[in-house]
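Please look over the model below. A short report on selected local features follows.

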Amino acid sequence: MRGWSFSIGRLLGVEIRIHTFFLLLLGLSISYSSVSGSSGSRGFALWVILFFAVVVREIARAIAAAWFGLDLQSILLLPTGGLQQYGTPEANDRAATPEIGKRLGLVGPLTNLFLGLLFAAIILSVTPEINLFEKPWLTPAHLIRALVWVNVLLAAVNLLPAAPLDGGRIFRGEFARNHGVLKGTRAAAGLGQIIGVLLAITGCILPNMWLIMIGGFVFIGAHMDDTSMLLANENDPVRMRDVMLTNFSTLSASDTLEDALQSSVHTLQDVFPVVRGGNLVGAVSRQGIVDALQASGNGYIQGVMTRSFQTAQPDDSLVTTLRRIMGGQGAQLVPVLDGDRIVGIITPQNLAHSMGLLNARRRMTQFQQQRED
């Protein structure tokens with residue numbers, strides 16, 4: 001959830017994060033406005049309208065989550081809506097139930113639809129000469145009309161049965177009634193990726209820039225939802241040995257910074273365990289070495305390494321370990337120890353790659369089992 005996103009603050013104890021693709025959309029909106037003959041400021045204003053619509057719907061969903069007693073930890077804002085992360089496994093399980101999932105799934109579209117109709121009523125009352133049905137509906141040249149249609153179309157898009165859209169959450173809940181939560185999540189995420197591709201292809205054929213972007217955002221969101229599914233259940237049998245990086249490099253605490261930087265050139269690894277006499281004593285990142293060299297010149301690794309870190313065992317549950325780490329300050333590196341010997345490491349980069357491959361392997365195994373049955 002934190003990858004490719006950054007925090008913009010906290011509201012009532014809930015961390016609000018914005019995905020980088022929201023900023024990419026800002027650039028595209030300004031460029032589109034300039035190419036279509038409007039000013040860049042109008043493209044920015046159109047982006048602000050979408051951002052406002054997303055924020056309002058997520059505030060409504062956060063209120064609904066609090067109403068159902070769900071411990072909401074953070075919200076990740078995407079151009080098509082938001083991804084909510086809960087603070088406890090119990091809250092995750094309750095949010096995934098068909099009853100609560102359906103109710104939470106309806107809050108977002110209903111909020112945007114109400115907001116769109118409210119704007120339409122105000123506009124028709126104040127300036128009845130404006131034709132709200134004149135095309136194009138979404139254009140920087142007519143921001144007043146966009147106030148209505150951004151909300152209406154955002155509500156309509158979120159009714160598609162594609163995770164992580166609201167319609168996908170409803171579909172996931174209904175599918176989970178007969179097939180279980182994990183299979184429901186997989187089905188909704190898979191359908192979401194298919195719908196995202198179809199929307200993008202349709203946008204290329206018409207052509208329609210908005211359909212292309214919506215398809216891309218739906219596909220990315222579905223992929224994120226599919227990957228996070230691996231962490232959704234305590235009983236999921238993923239162990240640290242399944243995803244740890246076993247081919248890695250270490251540095252010695254007595255290495256100089258220049259020697260360590262030279263050694264790091266020959267590996268794609270970004271964070272290194274630091275050992276002394278075979279014992280793990282710290283960790284250091286490539287960027288940390290570079291920063292130390294620029295600030296103070298050459299020195300020793302033991303002077304810049306991090307001594308506070310958490311470790312894991314090969315048979316530890318991945319879910320339990322990550323929840324323990326994320327409950328603190330996070331970690332750039334999690335060494336996996338067999339006794340006192342380092343047998344693997346976990347970094348954010350290799351974890352995302354390994355989980356993607358693990359998910360693909362599971363799909364292949366399920367497909368083979370279905371063929372055999």
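In which loop is Pro136 found? Pro136 sits in the loop between α4 (98-126) and α5 (143-157). This is a predicted model. Lys135 and Pro136 are joined by a cis peptide bond, with omega about 0°. Most peptide bonds are trans.

Next, the hairpin. Strands β6 (residues 271-276) and β7 run antiparallel, joined by six bridges. Val275 has Leu280 in β7 as its bridge partner. Two residues lie between the strands of this hairpin. Gly277, in the turn, has a positive phi of about 65°. β7 (residues 279-285) is mostly covered, with five of its seven residues buried.

Phe248 belongs to the loop between α9 (240-243) and β5 (251-252). Leaving aside residues up to four places away in sequence, Phe248 touches Gln269, Pro273, Ile342, Val343, Gly344 and Ile345. Phe248 and Phe272 are 24 residues apart in sequence, yet their C-alpha atoms are 8.1 Å apart in space.

Now the surface. A nonpolar patch of about 560 Å² is made by Ile194, Val197, Leu198, Ile201, Ile205 and Phe219. Helix α7 (residues 181-205) contributes the most, with five residues. Ile201 lies in α7. Ile201 counts as partly exposed because its relative accessible area is 44%, between the 20% and 50% cut-offs.

| Site | Angle |
|---|---|
| Lys135 to Pro136 peptide bond | omega about 0° |
| Gly277 | phi about 65° |

Definitions and conventions: Residues are numbered from 1 along each chain as its sequence is written. This is a predicted model: local features need pLDDT of at least 70, side-chain atom pairs count only at pLDDT 80 or more; totals for chains, interfaces and linings use all residues. Side-chain values use heavy atoms; hydrogens and water are left out. Patches are made of residues with over 30% relative accessible area and no salt bridge: like charges are joined within 9 Å, nonpolar side chains (Val, Leu, Ile, Met, Phe, Trp, Tyr) within 5 Å. Accessible areas come from the Shrake-Rupley method with a 1.4 Å probe; for residues, only the protein chains shown count as cover. A salt bridge is a side-chain nitrogen of Lys or Arg within 4 Å of a carboxyl oxygen of Asp or Glu. Helices (H or I, at least four residues) and strands (E, at least two) are DSSP runs, numbered from the N terminus. Buried means under 20% relative accessible area, exposed over 50%, partly exposed in between (1.4 Å probe, protein chains only). Contact means heavy atoms within 4.5 Å. Two strands pair if DSSP finds at least two bridges between them.
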